[in-house]
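Welcome, and thanks for taking a look at this one with me.

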Amino acid sequence: MTIKLLERSTPATWLTELPPLGMDTKSIAADFRRYFSHTLGRDRHTRYAYYMYEALVLTLRDRLWERWKNTRYAYEADSGVRRAYYLSMEFLMGRALSNAMLNLGVTEPVSKALYDMGLTLEELAECENDAGLGNGGLGRLAACFMDSCATLRLPVVGYGIRYAYGMFRQRIENGHQIEEPDHWLRSGNLWELERPEYTQRIKFGGRTEGYLKADGEMGWHWLDTHDVLAVPYDVPIPGYRNGTVNTLRLWSAAATDEFDFEDFNSGSYTEAVGSKNMAENITMVLYPNDATESGKELRLRQQYFLASASLQDVIRQWTRVNGEDFSQFAEKNCFQLNDTHPSIAVAEMMRLLMDEHDMNWDKAWAITTQVMAYTNHTLLPEALERWSVRLFRQLLPRVLDIIYEINARFLAEVARRWPGDIDRQRNMSLIEEGYEQQVRMAYLAIVGSYSVNGVAQLHSDLLVRGLFRDFYELWPEKFNNKTNGVTQRRWMASCNPGLNALLTDTIGPGWVTQLDELRKLVPYADDAKFRARWRQVKHDNKVRLASLVEADCGVTFNTQAMFDVQVKRMHEYKRQLLNILHVIHLYDRIKRGDAADWTPRCVLLGGKSAPGYYMAKLIIKLTNNVADVINKDPQVGDKLKLAFLPNYRVTAMEIICPGTDLSEQISTAGKEASGTGNMKFMMNGAVTIGTLDGANIEIREECGDENFFLFGLDAQEVEERRQNYNPVEIIHGDSDIVRVMHLLESAHFNQFEQGIFDPILHSLTSPHDPWLTIADLRGFIDAQKLAAEAYQDQERWARMSILNTATSGKFSTDRTMLEYNAEIWKLKPLPEMPLA
């Protein structure tokens, strides 16, 4: 598609004559009817809710885009404003409708307009697909960051990939996870705006060739490449009732040539569209299975595609205003790399500055190292990106040359700092030696960035003491902590309307933008009338959650029982297995008649396993088998229920976290970088049971020891226990654990699938189990008993719940973003935008 410029150069000033759109019920209803009838061509006989949803989105979109343009005009008015760009492979946005209405401040007039027409907002909202742009906490964090930046009026643009398919839709069949395509774009995305005029060209393959420049310096050409186009689609990100709408720009891959007519005429129909299909594969699927060589190649293509398109786009905007003068570029731009995935941006920035803008190495490196900032999100060494040099040479030969040069200069600096320390040079090298050389992408990010941060205090401390210790000793000034958060607009105000109303009625609306205002709730924890209102809100939310479980799992949850919830990505370090062992322990107690003074409990798990992660998928199967036995046993009845929620997603979490009593945050200490689900549960009044891991430590510091159920080894004790770990000895020394293991070993939960859970049994009893599940089981059982006893005293539990919400202010992404801005980005907030 060719976008042709008009001959005239003057702006379309007639646009400024448009009157602002009304935000009242009458104006919204009129636009809704016009879109439904004239734009969509529907009539009074139409009964499909989706067309009504479309009309509503178009009505709201006009109001969003009105503010979006005003925000862009504000950028233009201050052309010297410093900006930040957030590069992330994931943006787990969820549904946009309720968030847009909340932040525009039109939820009530929209609801009334629909009611007057005989429609309900809830029914139309169900027509929207969750945007399939992320998998777990990393992507949801990025979405929360974008919301907070807009609310704080910070000039931040998000850059991501417009995946045609999300990770997958999870279905449970005979207890097993079954993956199905998540074609979330099958009906298009009404919230986006295609911007083909800003398409970028991305190079792959080919070869490099040196040449002598006029100044005597060596230059390099990247030749014979197979190019792909990156087409941008912009998504508006509204701030909370402040007139600011920031931009999330998502890149979609397209072929340079859609169709080879010569191949088609010769009968080679598949080859005729081959280049188109190959190009579009880059943005087809979130997280291709990288267990295969082709999967690895596609993943590296995705990472480079994102980095190159985004950097080219920013440089395009810069040169449009400043030409080839890059003297102020570093002062006016900052790139935040969300985890290691986009770290190739360091080398790509060097390539663009040197090869495309004729800059020498020293100047290009000075700029690059002043604009790149890196956030690390993992303590698992295997989760840090590594790519084979062979694959790099095949796909990105010019970028690899630059990485080699960065490494050579960096190792020279290491040698100057520690003369003769060859081991340290080997450990810090960007190229890992071995059977096949690997490029260490996290190291590239550290070397090329001026800031490196972890996402919880424990995580940041462990990074500089462990994974990145050598780099910390070289550059201690680079390293800092930025504890994660979540946005209270989506995770309280929008998803928990009952709590929203109670809080606003009690302490005013200020908490929506200043979450520390929740501290005003503390005295109300001792107010019996307020506690009664609090319990009613929680009960109403549990009714909603029970309906979801009934619909999706076919299991009936008693709303008077404790709702004990663990929903998150399936991984062994998150220890869903530990949770199941405790459920088996409760089941064993009931079957033995040890159920006096019992606390009824409904346990809910949910989460997706990576398709190639055998053990995580086996834990899903075990969960469902245990649930099947427990839920069908009349002796157990309502004393205990267990359900696994299929296809866990943002929309489901918006129902789950308001209805949860007990939040399970039980990862092996030292393995969870931060966690953000723990924060969502805390904000909505759930009490946490957890280890001293990730942000749990800071949650416990905020809410107080007495409002948190702590168990398990801490990070240092975990490392010490690994040296002499004997799970079999622990099992034989504890009769409760012996009975739990006997039920598993005797195939009580898999009588017709003999041996299926043997790998789980082996991992539990192995002295090499890295997750130390058995080591923490006794402490977990004891802590769960304390939680059950506390829940029986509903007044006490309500007080604990209130105090968790009241002390959750620290965990707003507003606070996180203010810290990023004060210490890393140093942006000036935009002025207040007109609301129309």
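1. Let's begin with Arg589, which sits in helix H23, a run covering residues 576–591. Please keep in mind that this is a predicted model.

2. Is Arg589 buried or exposed? Its relative accessibility is 17%, and buried means under 20%, so Arg589 counts as buried. Leaving aside residues up to four places away in sequence, Arg589 touches Asp594, Ala595 and Trp598.

3. Next, have a look at the surface, where Leu212, Met218 and Trp220 make up a nonpolar patch. Together these three residues have about 320 Å² of accessible area. Met218 belongs to strand E8, which covers residues 218–223. With a relative accessible area of 46%, Met218 is partly exposed, because that class lies between the 20% limit for buried and the 50% limit for exposed.

4. Helix H34, residues 813–825, deserves a visit too. How far does H34 span between its end C-alpha atoms? The span is only 15 Å, whereas a straight helix of 13 residues would span 18 Å at 1.5 Å a residue.

5. Both ends of H34 are worth a look. At its start, a side-chain oxygen of Ser812 comes to within 3.0 Å of the backbone nitrogen of Asp814. Just after the helix, Lys826 adopts a positive phi of about 60°.

6. Which residues of H34 are buried? They are Thr813, Asp814, Arg815, Thr816, Met817, Tyr820, Asn821, Ile824 and Trp825.

How values were computed: Residues numbered from 1 in each chain as written. Predicted model: local features only at pLDDT ≥ 70, side-chain atom pairs only at ≥ 80, totals over all residues. Heavy atoms only, no water. Helix = DSSP H or I, 4+ residues; strand = E, 2+ residues; numbered from the N terminus. Buried < 20%, exposed > 50% of the residue type's maximum accessible area, 1.4 Å probe, protein only. Contact = heavy atoms within 4.5 Å. Patch = residues over 30% accessible without salt bridge, like charges linked within 9 Å, V, L, I, M, F, W, Y side chains within 5 Å. Areas by Shrake-Rupley, 256 points an atom, 1.4 Å probe, with all protein chains shown as cover. Salt bridge = Lys/Arg side-chain N within 4 Å of Asp/Glu carboxyl O. Expected span 1.5 Å × (residues − 1). Polar contact = N/O pair within 3.5 Å; in protein donor to acceptor, adjacent residues only side chain to side chain.
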